[in-house]
Amino acid sequence: MNRKKLQKLTDNLTKNCKHFNKFEVNCLIKVFYNLVGDVPERSVAVVGLDRNAFRNILHVTFGMTDDMIMDRVFRGFDKDNDGCVNVSEWINGLSVFLRGSLEEKMKYCFEVFDLNGDGFISKEEMFHMLKNSLLKQPSEEDPDEGIKDLVEITLKKMDHDHDGKLSFADYEKAVREETLLLEAFGPCLPDPKSQMEFENQVFNDPTDFNDM
Amino acid sequence: MGAALTRSAQWTAAGYGSGTLERTPLNEEILKEIIVFVEHFIYKYPHEAKFVFVEPLEWNTDLEPSAFESGYIVSETTVKSEEVDKNGQPLLLLSVPQIKVRSFGQLGHVLFIAKDTKLKEAQACIEGNRDPVVKILGPDFGEMKEDSMALHILNKISTGDDPENEIKMKIAILLKQLDLHLLNHSLKYISLQKNLTKDSQEEKHGGKVEKSRTSISHGKVQLRKSVDKIEETISESSSESEEDEEQPDHRQEANADLPSEYWQIQKLVKYLKGGNQTATVIALCSMKDFNLAQETCQLAIRDVGGLEVLINLLDTDEVKCKIGSLKILKEISHNPQIRRNIVDLGGLPIMVNILDSPYKSLKCLAAETIANVAKFKRARRAVRQHGGITKLVALLDCAQNATEPAQSSLYETRDVEVARCGALALWSCSKSYSNKEAIRKAGGIPLLARLLKTSHENMLIPVVGTLQECASEENYRAAIKAERIIENLVKNLNSENEQLQEHCAMAIYQCAEDEETRDLVRLHGGLKPLASLLNNTKNKELLAAVTGAIWKCSISKENVIKFREYKAIETLVGLLTDQPEEVLVNVVGALGECCQEHENRVIVRRCGGIQPLVNLLVGINQALLVNVTKAVGACAVEPENMAIIDRLDGVRLLWSLLKNPHPDVKASAAWALCPCIENAKDAGEMVRSFVGGLELVVNLLKSDNKEVLASVCAAITNIAKDQENLAVITDHGVVPLLSKLANTNNDNLRRHLAEAVSRCCMWGRNRVAFGEHRAVAPLVRYLKSNDTNVHRATAQALYQLSEDADNCITMHENGAVKLLLDMVGSPDQELQEAAAGCISNIRRLALATEKARYT
């Protein structure tokens with residue numbers, strides 16, 4: 001990509017970006033193209049990170065392990081739902097992912113946890129997300145009993161209107177009372193340590209960033 | 001649920017029978033809890049939900065058959081469930097209006113269908129089935145009593161492996177838990193109601209109930225602490241004060257009636273153990289929702305092994321788990337037993353390590369928890385030995401960076417928060433001597449001094465609290481002076497916050513032992529706020545601290561002048577009655593200092609202060625007695641005051657304090673007797689009227705306490721002014737006892753001993769007797785002391801003794817003449833005269849001897 005084009009892209013993306021300055025946007029764009037690989041000019045194909053590439057970054061750079069959550073994070077980034085995170089989605093996604101305010105992060109996390117996108121986190125969705133969270137005890141007759149109970153505990157804590165599912169309002173209220181519940185159903189934000197490492201590396205030497 | 005229903009639910013007056021439940025808020029609460037239980041039953045215990053009741057629960061319902069949908073065979077007036085028992089009977093049968101239900105699953109469905117009329121249906125069900133447990137499980141379960149529960153279950157299990165029985169048992173246990181839960185819930189509800197009504201009532205009377213209540217309970221501890229403190233300073237021992245003695249553990253008995261929280265907490269701990277980060281955080285957040293201020297919950301967490309897990313979580317890399325765990329530990333460590341358990345489990349070194357964490361919220365939580373745990377000696381030592389003091393002092397440094405271009409304002413406030421938490425932990429730790437030293441060595445004092453310049457009350461309280469603890473050490477007092485801390489302490493005396501005022505006054509009290517500091521308090525305008533704080537007599541802890549500061553400040557004469565200007569002396573006299581002892585000690589102490597001045601002695605008399613002071617002579621508090629005797633003695637310097645003291649029989653009271661077991665009281669009483677005897681009208685007669693009194697005084701010369709000896713010598717000097725009394729004490733052997741004391745290096749004792757000797761020489765052959773008891777040679781050596789007071793008293797004594805020839809020879813042999821010749825040149829006239837008189841006696845003897853030789 002030539003310098004002029006990069007400059008223009010940077011200016012454009014910086015304008016709409018809340019949490020990164022121009023320099024940082026520039027670095028992140030470089031990282032993006034570094035990851036995607038050089039694309040021929042006037043290519044018709046969609047330029048971006050596909051699900052696997054993106055998940056790879058989440059796993060290696062940000063230490064995420066839960067497949068389902070990583071899929072949901074990918075969905076969260078891929079706003080236009082074309083199966084690919086383009087450069088603008090990359091910048092805007094990372095803006096919330098790394099620097100988002102509590103409000104932005106709550107919105108983001110809720111979308112990640114609302115698996116079917118119906119605006120509620122249902123018991124089934126919770127069960128789904130928590131099903132691997134407990135060590136299975138062979139002695140128990142119903143191996144899922146613990147998970148079910150955990151779902152009940154979560155509901156008791158967060159379901160303020162007692163309708164058996166979490167609306168955003170329920171979730172928001174619970175998180176404001178106890179920030180630890182932001183990632184209640186699984187880690188979907190970078191842990192502070194890997195975030196710091198990522199930022200250090202990207203903003204110091206973006207061309208050197210390598211997800212492997 | 002039987003117990004809850006009979007004990008707590010409020011039935012109408014109809015009595016136990018076909019009564020109806022009253023519509024009260026409590027009943028509604030109970031019903032709601034039952035509904036929640038039934039609704040969750042299908043989900044939580046799907047297997048048990050299918051269990052068929054021994055007898056159906058029957059009641060009259062308002063539900064229309066049409067409300068039942070899939071899963072039911074519906075006709076116009078009847079409904080049958082498709083779900084049937086093994087005999088093909090439906091588990092739900094409705095024939096308008098009667099409904100019969102035979103499983104929890106179906107009960108749940110009914111409630112689901114009832115929607116808004118849930119409460120009504122539940123009420124009808126409970127009313128129609130007064131003993132639901134018997135209907136559900138059969139008659140042998142209805143009689144189950146709490147204590148026989150476990151036995152009963154064992155019995156049932158051992159008698160057969162019938163799977164149905166097992167389910168029955170499980171349901172029995174579940175119902176039992178529900179019952180307990182309901183009882184607890186209604187109790188909580190009732191007490192909540194009570195508080196609400198009480199509060200609203202008291203609010204009407206215009207008092208901030210909640211606030212004053214907490215300050216009172218907090219105050220008790222403070223009050224006790226300040227007593228310790230006062231006693232500590234008086235006995236000049238800096239032993240560590242223990243707030244909570246280590247008490248034996250009382251674990252809950254295995255078979256005791258355990259509250260429902262116990263089981264819920266046990267479950268959560270299970271998830272903490274076997275869960276990944278996500279499950280752990282959920283379990284921690286849920287645990288946090290229990291009333292962790294309640295001992296039941298605190299001990300439940302411990303008894304199910306929760307403490308180990310919580311502490312282990314602190315050792316992981318998961319920040320969220322650490323935060324969650326500390327949030328719980330912070331709350332439950334208010335319990336003294338839990339504190340000890342945390343220390344026993346090695347929790348402190350881990351928390352000390354967390355103080356190095358890059359995450360500020362973690363540091364804060366760790367420091368706050370340490371502040372709670374370090375309330376006893378062993379814990380404080382552990383903090384120090386693991387390097388905690390240095391790290392905590394480092395936290396104080398955070399606030400300095402507040403001005404750096406922070407990322408967000410969020411961080412700025414948190415820097416201050418970190419410092420506050422650090423100060424809070426140091427405050428707890430500073431109750432141990434070695435920790436005070438460690439804080440100082442880690443450079444804590446300048447940092448505390450800097451934080452003292454902030455204006456956040458919640459920061460200032462732990463900071464001043466720490467300083468006040470540490471000010472018991474000489475090193476600190478010097479540093480506090482050097483760091484210009486006094487200025488800020490004085491400033492905060494004007495705060496609105498009484499706790500802060502209290503700690504500032506307390507710190508001044510400690511520091512004002514030093515003269516320069518006393519001047520600083522005055523120069524920074526601290527005396528006026530102190531004087532005006534005397535009018536806040538409601539807050540006794542504050543009053544104790546303020547009067548303490550006034551006491552110590554009034555050791556300086558300039559300060560006393562100021563206090564008089566602010567009318568503090570009148571106010572102090574007003575505080576001589578109806579105050580707790582810790583206040584009285586200080587008030588009387590202050591008056592004792594003020595009454596060194598003539599004007600103030602007059603003020604005290606005019607305000608009617610003599611009588612309450614004399615009344616206090618009958619107390620038993622040793623610190624108070626020391627101060628009271630001193631104050632009474634100071635007042636007695638004024639003849640008019642003395643007349644009042646005499647009339648109130650104050651001298652007799654002082655005299656009887658000579659029998660007090662504590663030497664400080666004895667000495668102080670003896671000192672006070674001196675001005676009394678001096679200023680009483682018929683002093684000789686008065687002294688003689690105390691039966692056995694003179695013998696008592698003479699025998700005190702056998703004491704081994706220097707202060708007692710000096711004071712008794714002074715008293716004897718005054719007593720001996722009366723010839724008759726001198727004769728009596730001579731008979732009681734005062735001469736040999738005084739002579740025996742002569743070999744001392746204590747200048748104070750030397751002075752008063754010499755004065756006593758000099759007085760006692762005035763009777764009979766006492767002069768000769770002193771010589772015979774070898775008192776003369778040691779007295780001559782007193783002349784080599786550096787104290788002029790000793791010189792004067794000694795010269796006078798030697799002058800008296802030199803009337804006897806043998807004594808002159810002893811003096812001469814011990815080189816008295818040369819020493820006395822030097823004294824003749826002293827500017828002190830009395831000393832001059834006494835020395836000259838003595839020399840002249842010796843000289844005359846020498847001349848006479850010479851003359852005798854040549855004739």
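I began with the interface in this predicted model, where chain B and chain A bury about 2400 Å² between them (accessible area, 1.4 Å probe, that two parts lose on being put together, summed over both), and carbon and sulfur atoms give 60% of that area. I noted that Tyr43(B), Tyr271(B) and Ile282(B) supply 27% of the area that chain B buries against chain A, more than any other three residues.

I then looked up the contacts (heavy atoms within 4.5 Å), and found 25 residues of chain B touching 27 residues of chain A.

For salt bridges I took a side-chain nitrogen of Lys or Arg within 4 Å of a carboxyl oxygen of Asp or Glu; five of them cross the interface, including the one between Lys267(B) and Asp149(A), whose closest N and O atoms are 3.0 Å apart.

Next I turned to the sheet of chain B, with strands taken as DSSP runs of E of at least two residues and pairing as at least two bridges between two strands. Its five strands form an open sheet in the order β1-β5-β4-β3-β2, with antiparallel pairing. I noted β1 (57-60) and β2 (72-74) at the edges, each with a single partner strand, so one side of each is left without a neighbour in the sheet. Three bridges join β3 (residues 78-81) to β4 (residues 92-95), and Thr78(B) stands opposite Ser95(B) in β4(B).

On conventions, I number residues from 1 along each chain as its sequence is written, and letter chains from A and number ligands from 1 in the order written. Local features need pLDDT of at least 70 and side-chain atom pairs pLDDT 80 or more, while totals for chains, interfaces and linings use all residues, and side-chain values use heavy atoms, with hydrogens and water left out.

Technical notes:
Helix = DSSP H or I, 4+ residues; strand = E, 2+ residues; numbered from the N terminus.
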